[in-house]
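Here is a short tour of one protein chain. Keep the sequence and the 3D view side by side as you read.

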Amino acid sequence: MRWSKYYLPTYKEVPSDAEIPSHRLMLRAGLIKKLTSGVYTFLPAGFRVLKKIEAIVREEMDAAGCQEILMPILHPGELYEETGRLDNFGDLLFKLRDRRDRFFALGPTHEEVVTDLARSGLPSYRQLPQCHYQINVKFRDEFRPRFGLMRAREFIMKDAYSFHESDASLQETYEVMAAAYRKILDRCGLESVMVQADAGAIGGDVNHEFVVLAESGESEIFRCPACGYAANDERAESGGSDPSEKEPVADAPERVATPGHTTIDEVTAFLGVSSSRLVKTLLFNTAAGPVAALLPGDRNVSEAKLARALRDASIAMMSDEDVERLTGAKVGYAGPVGLSSDVRIVADPLLDAYEGMVVGANATDAHLRGVKMGRDFRPGVTASISVAKEGDACPNCDNGRLDLHRGVELGHIFKLDTKYSDSMKATFLDAEGQVKSFIMGCYGFGVSRAVAAAIEQHNDDRGIRWPRSITPFHAIVLPVKMADDSVVKASEETYAELNAAGFDVLLDDRELRAGVKFKDAELVGVPVRITIGERNLKDGNVEVYYRDDDRSEIIPVGDAVKAVQAYYA
């Protein structure tokens, strides 16, 4: 490709709405262009990267025994009514009606569609197991699209679905798919970790994410270096940490005035105690009635964990008005002692280590000290509902402590069991002629998101540093002066030889200053730059610069192809 004829616009300015490196660099390097909030056009260079990632994904899915199909994006609404996911997805689901007023949705995932395919086409156990996949566009009506391709309203995803007659068969495919994901990420040049995760609206108790490590990633993961335990912040459990001090148990709860002090920081400062003595009481509305979630005062609640513990995806934190109506006090003074019997209390197991505790008194401007769990109140459910913290004791081994990392979720695999086949009556006949529901698995991978994740992990202050397997161009030939006939001739010959050798090559034949060309080459991130200038060419040489290693070498002009071949060998 000749840059002068190629649509590759670059920009010096950092877009004002771009918050993370990948978003900034993809816009500045001319890889994507924003159409509207959360919707982007892939420009030619960005599309090259996308297609290379797609090719890797397709090769590994085929090698894993999956069969490629292509399912519709437009889904009849009755499918979601069968599974009950209209409520689970809520406002994330793009909804529309046709001219006959029939309800449709734009697919965020394809569990319903593929299950409908199986129930009409896989009548016998003899056809199992089956695994089908597609690479297709998905839609989610994000309330606040941000971070470019990281949280877009329209995106490209590989989703695969497997059908089985037994748990053992599902486990075998689950392991094959996990191995395939590792290969995909390795081939894309991305350092990643497989972690336990929350299933969200997809469902399934057993599921794992594949997270690409990056400091600017929006996912938090906890890992134990001692035993290898790894989970994201919505799933990670914790052995806690030793409290700095403990609240003694009183003979009976002692009411103390805390006028105007409603936050943890305000109450601890006023009482002169550590936040580890306080217990938060957070109130939620659920399908089964009000719930009080109790957790250490120095911890945050995980709504995903709470929803999983209650098996209720519809939980929502109470409004200030609801809190006041339930407790009889202003917000900031709720506590477990004396709550109405119709309020379910869910306590984090970290509270088991408490002797006494400080809690809200369910009265404005007051708290209770010396409260003892089990005596003054009894939780109905004990479940891990708090977010783990760096340095917490590992829940999986005796000696480990949890490290905190950030990253980008790229893959998510699920054991769905019979969640969809039961609700959609998708069945087959087993070897005894008995009607059985399909046991299913689901395996998602963010293809367009992978482009951004690669940049998050591979960039510096000058631009992108593409991994070799997914770079839009293997090499860029950069003539320093287009006015010099000998430089242009050598550049054209090198460009032709590299093309003939099978490389994707960009020739920067623009009539611009060399400094501008150098900066653009670094911004776009082509791994190998071959600079052809008058000074080196007089000696029959060219300069080869390796972007990832930040090193240069002077070689004979005739060896340029060999140098590129050696780099990609």
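## A hairpin in the sheet

Leu282 stands opposite Ala293 in S15. This is a predicted model, in which local features need pLDDT of at least 70 and side-chain atom pairs count only at pLDDT 80 or more, while totals for chains, interfaces and linings use all residues. Residues are numbered from 1 along each chain as its sequence is written, and side-chain values use heavy atoms, with hydrogens and water left out.

Helices (H or I, at least four residues) and strands (E, at least two) are DSSP runs, numbered from the N terminus. Strand S14 covers residues 279-286 and pairs with S15 in the antiparallel sense. Eight bridges link S14 and S15. Two strands count as paired if DSSP finds at least two bridges between them. S14 and S15 make a hairpin, with two residues between them.

## The sheet around S15

Strand S15 spans residues 289-296 and runs parallel to strand S17, residues 344-347. Four bridges join S15 and S17. Val291 stands opposite Arg344 in S17. Leu294 stands opposite Ala347 in S17. In a regular strand, side chains alternate between the two faces of the sheet.

How many strands form the open sheet, and in what order? Five strands do, in the order S16-S14-S15-S17-S20, with mixed pairing. Strand S16 (316-317) and strand S20 (381-382) stand at the edges, and each has a single partner strand, so one side of each is left without a neighbour in the sheet.

## Covered elements

Buried means under 20% relative accessible area, exposed means over 50%, and partly exposed lies in between (1.4 Å probe, protein chains only). S15 is mostly covered, with eight of its eight residues buried. Helix H11, residues 447-457, is also mostly covered: 11 of its 11 residues are buried. Among them are Val447, Arg449, Ile455 and Glu456.

Ile555 sits in strand S31, residues 551-556. Ile555 is buried, at a relative accessible area of 11%. The C-alpha atoms of Ile555 and Val544 are separated by 7.3 Å, and these residues are 11 apart along the chain.

## A charged patch and a partly exposed arginine

Which residues form a negative surface patch? They are Asp167, Asp205, Asp417 and Asp422. Patch residues have over 30% relative accessible area and no salt bridge; like charges are joined within 9 Å, and nonpolar side chains (Val, Leu, Ile, Met, Phe, Trp, Tyr) within 5 Å. A salt bridge is a side-chain nitrogen of Lys or Arg within 4 Å of a carboxyl oxygen of Asp or Glu. Asp167 belongs to helix H6, residues 167-187. Asp167 is exposed, with a relative accessible area of 51%.

Arg24 lies in helix H1, residues 21-28. Arg24 is partly exposed, at 26% relative accessible area. The C-alpha atoms of Arg24 and Asn541 are separated by 36 Å, and these residues are 517 apart along the chain.

## Backbone details

Most residues other than glycine have a negative phi, and most peptide bonds are trans. A cis peptide bond joins Leu128 and Pro129, with omega about 0°. Pro129 is in the loop between helix H5 (111-121) and strand S7 (130-139).

Lys425 has a positive phi, near 55°. Lys425 is in the loop between helix H10 (419-423) and strand S22 (427-429). Lys425 is exposed, at 67% relative accessibility. Asp550 has a positive phi of about 55° and is not a glycine. The loop that holds Asp550 runs between strand S30 (541-546) and S31. Asp550 is partly exposed, at 47% relative accessibility.

Technical notes:
Accessible areas come from the Shrake-Rupley method with a 1.4 Å probe; for residues, only the protein chains shown count as cover. Lys and Arg count as positive and Asp and Glu as negative; His and the chain ends are not counted. The place of a charge is taken as NZ of Lys, CZ of Arg, CG of Asp or CD of Glu.
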